[in-house]
Amino acid sequence: MSAGPRRLVIAVVYPDLLGTYGDGGNGVVLARRAAWRGIEVELVQATSDRPVPRADLYTVGGGEDGPQVRAATTLLEDGTLVERVAEGAVVLGVCAGFQLIGTTFPDNLDRPHEGVGLLDLTTTKGTGPRAVGELVATPAPDAPRTAGGDRLPRLTGFENHGGVSAVGPRSRPLARVERGVGNGSGDGTEGAWSHRVLGTYLHGPVLARNTALADVLLGWALTPAGAPEGTVAALEPLDDHEELALRAERLEATDGGRTGWRDMARRVLTRR
Amino acid sequence: MTVRALPADATAPRSARTSLATASVSAVNRLSRALGRGSGTVAGGRVGLLVDPGLLATSATGRNIALVTGTNGKTTTTRLLATALSDPDGAGVVSNDTGANMPAGHVAALVGAPAAPLAVLEVDEGYLGRCIVETAPQVVVLLNLSRDQLDRIAEVRMLVDRWRTALGTLTAASAGGGGTLVVANADDPMVAWAAAAAPSVRWVGAGQVWHDDAVGCPACGGRIEFTAGGAWACDRCDFARPDVAADVVGDELVLADGTRHRLAIALPGQFNRANAAMAAIAAAPILEARGQGDLETALDRLGAVTEVAGRFSTITRSDHPVRLLLAKNPAGWTAIFDLLDETGDPADPVVLSVNARTADGFDTSWLWDVPFERLVGRPAVATGERRLDLGVRLRYAGVDHAVVDGPSAAIDHAAASTPSGGRIEFLGNYTAFADLRREL
């Protein structure tokens with residue numbers, strides 16, 4: 001078990017500006033999964049009219065173009081999020097929240113805006129149609145691993161965005177797209193991460209469909225800031241049969257119920 | 001049946017193309033019904049529009065048109081408005097009352113009732129602009145605007161900008177019935193932003209339970225502050241709740257001059273009193289222009305509506321009354337939870353059914369915006385094609401639940417652990433609700 005804190009503050013960042021796609025659910029999933037393990041947890045809805053609270057774990061959700069710009073500006077002015085990340089706090093950014101924790105993201109007129117800079121990520125407006133649909137991605141070989149050192153299982157979710165995100169050298173792609181668009185930058189990647197900050201285009205919400213990822217984020221938050229890179233506090237297992245049934249059903253639906261030869265070939269070729 | 005003389009242009013000779021299009025709508029609808037493929041309204045309308053893309057405009061010409069749109073309450077308000085405008089014998093008003101709310105459905109309804117001088121059309125939020133251009137409406141009713149089917153329609157702000165552009169093209173309403181009067185919900189800042197572009201607006205304080213999509217000011221990007229009294233204003237610019245012509249206060253409609261009218265309706269819930277108020281305010285000028293009555297006339301007629309396409313109706317299944325409720329998006333579910341609190345027993349079991357087909361939206365993330373925590377203490381059964389998504393949501397909401405395949409089986413499951421005669425509440429989203437009605 002971990003030597004980290006047994007008390008967690010989880011903050012949903014600006015739900016009044018960034019809550020379009022049910023991403024507030026990520027905060028609920030994290031808080032419940034911590035509480036079910038006997039961890040004292042406080043879930044804060046951190047609205048944009050107040051200073052950002054000091055939390056151990058932040059979630060930043062999806063939103064529309066105008067509120068996204070306002071959220072990034074306000075977060076930069078506030079400063080607490082950047083400060084807490086430097087102290088080891090964990091961040092999950094989803095969709096617009098993923099884009100705005102990067103370095104640069106566009107507004108509705110494709111003018112670049114300064115992001116919070118927690119990830120090395122440049123987002124521009126895509127030229128093609130919006131990416132809308134089920135998204136399945138296999139975690140990259142060097143992506144975060146579980147407390148037991150295993151690779152995370154396939155990630156499933158729903159994407160709905162018009163942005164194209166390029167991951168720079170100071171961050172790493174989270175996963176490789178199997179179905180859907182993901183980052184859309186031509187390299188087949190989805191999401192990005194560095195240290196304890198992780199972003200993705202997956203919602204659904206992402207942590208309800210991918211509880212192993214939820215437990216990695218909790219494990220990070222329960223690990224002391226000075227621990228070696230990759231350390232994830234172990235958590236006792238939960239009865240996840242409903243989440244696992246949902247995952248299986250979604251993955252089967254996107255696979256069309258069977259694996260075609262293209263997928264088999266792709267999986268063999270992309271295997272390490 | 002009252003038969004009124006039609007305006008001259010409606011009986012004028014039509015182009016061969018329009019005649020062919022009109023004939024094909026009827027033919028396809030007959031064929032569709034004969035094949036047992038439903039009422040066929042959409043199929044016929046689609047073929048008609050294919051033959052003559054101008055068919056919506058042509059079939060609307062010469063009638064007084066009222067358009068009703070918004071995220072929630074469209075079908076109910078359309079029914080209430082059509083009822084308020086109808087003579088007791090029901091003559092003279094045509095409406096797309098099956099919920100087919102895109103142009104194909106409008107065309108099918110209009111072509112099917114060539115003699116009706118009045119039309120009340122429910123309009124999908126995304127089609128308001130086109131319908132305004134093609135039908136030259138006398139009245140446009142704007143109910144509310146919040147997140148719904150984000151994968152299909154658009155984000156709320158994109159939609160509200162399109163509404164605003166369309167409403168800005170209208171001409172001012174005149175006492176004789178010319179131009180367009182917009183009847184708009186002043187309690188929804190998104191609606192207010194769009195409607196403010198129209199030259200003639202009658203503002204109604206109809207209430208709005210859902211504020212989460214209206215925090216960012218649509219005018220300047222500032223922050224909309226809501227006060228307990230129901231007012232709202234931007235913290236940066238002068239965008240604020242407009243002065244209203246009428247306010248819904250409990251079960252009364254209070255006009256600006258202080259006159260109070262009872263909203264005596266048979267449909268349950270505060271949001272239906274709001275829908276009724278919008279319908280009555282929209283009906284009054286049409287009735288007055290035609291010399292057929294006024295606001296009182298409209299209000300008196302609304303009590304005749306007891307259900308809307310099965311919604312709010314109660315069926316009996318194995319000794320249990322089962323109330324059928326439809327909710328499609330977070331604002332709609334929240335309003336239905338209010339209705340359960342207001343009109344039911346807090347221990348009554350709930351059967352929740354969710355699908356994710358085209359008409360529902362493919363993305364089920366919205367389930368996490370719905371405050372299912374409010375159902376804690378009620379036995380719940382999750383069903384529908386996305387019952388697993390719903391089950392996971394209920395688990396994290398702390399609601400005890402079972403997951404059962406098939407809506408009628410789910411009702412039976414709830415009935416098995418409910419004392420005989422105990423009420424069961426069924427809540428389904430769009431196609432899940434239709435599935436249950438088909439099964440029963």
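This is a predicted model: local features need pLDDT of at least 70, side-chain atom pairs count only at pLDDT 80 or more; totals for chains, interfaces and linings use all residues.
Q: Is the crossing of H7(A) and H13(B) left-handed or right-handed, and which residues of H13(B) make the contact?
A: The crossing of these two helices is left-handed. H7(A) contributes Glu242(A), Glu243(A), Ala245(A), Leu246(A) and Glu249(A) to the contact. From H13(B) come Leu388(B), Asp389(B), Gly391(B), Val392(B) and Arg395(B).

Q: How many residues of the contact of H7(A) with H13(B) are charged?
A: Among the contact residues are Glu242(A) and Glu243(A) of H7(A) and Arg395(B) of H13(B). By class, the contact has four nonpolar residues and one polar residue, and the charged ones number five.

Q: Which elements give two or more residues to the side of chain A that touches chain B?
A: The contact between the chains takes 28 residues from chain A and 22 residues from chain B. On the chain A side, the residues divide into 11 nonpolar, nine polar and eight charged. The elements giving two or more of them are helix H1 (24-35), helix H2 (65-78), strand E9 (155-161) and H7 of chain A.

Q: Are H1(A) and H6(A) roughly parallel or perpendicular to each other?
A: H6 covers residues 211-221 of chain A, and its axis comes within 10 Å of that of H1(A). The axes cross at roughly 70 degrees, and the crossing is right-handed. Angles of 65 to 115 degrees count as roughly perpendicular. H1(A) and H6(A) are therefore roughly perpendicular.

Q: How many residues of the contact of H1(A) with H6(A) are nonpolar?
A: The contact involves Val29(A), Leu30(A), Arg33(A) and Ala34(A) of H1(A), with Ala214(A), Asp215(A), Leu217(A) and Leu218(A) of H6(A). No polar residue takes part, two are charged, and the nonpolar ones number six.

Q: What distance separates the centres of domain 1 and domain 2 of chain B?
A: The domain assignment gives domain 1 (8-302) and domain 2 (314-439). Their contact takes 16 residues from domain 1 and 15 residues from domain 2. Taken over C-alpha atoms, the centres are separated by 29 Å.

Q: What is the radius of gyration of chain B?
A: Chain B has 15 helices and 17 strands. For 440 residues the globule rule gives 22 Å, and the value for chain B is close to this, so the chain is as compact as a globular protein of that length. The radius of gyration is 22 Å.

Methods. Residues are numbered from 1 along each chain as its sequence is written. Chains are lettered from A and ligands numbered from 1 in the order in which they are written. A crossing is left-handed if the near helix is turned anticlockwise from the far one by less than a right angle, and right-handed if clockwise. Helices (H or I, at least four residues) and strands (E, at least two) are DSSP runs, numbered from the N terminus. Two residues are in contact if their C-beta atoms, placed from the backbone, lie within 7 Å. Ala, Val, Leu, Ile, Met, Phe, Trp, Tyr, Cys and Pro count as nonpolar, Asp, Glu, Lys and Arg as charged, and the others, Gly among them, as polar. Domain bounds come from an automatic or database domain assignment. The radius of gyration is taken over C-alpha atoms; the globule rule is 2.2 Å times the number of residues to the power 0.38. Axes are lines fitted to C-alpha atoms, for helices over the stretch in contact, and angles run from 0 to 180 degrees between N-to-C directions. Angles under 35 degrees count as roughly parallel, over 145 as roughly antiparallel, 65 to 115 as roughly perpendicular and the rest as oblique.
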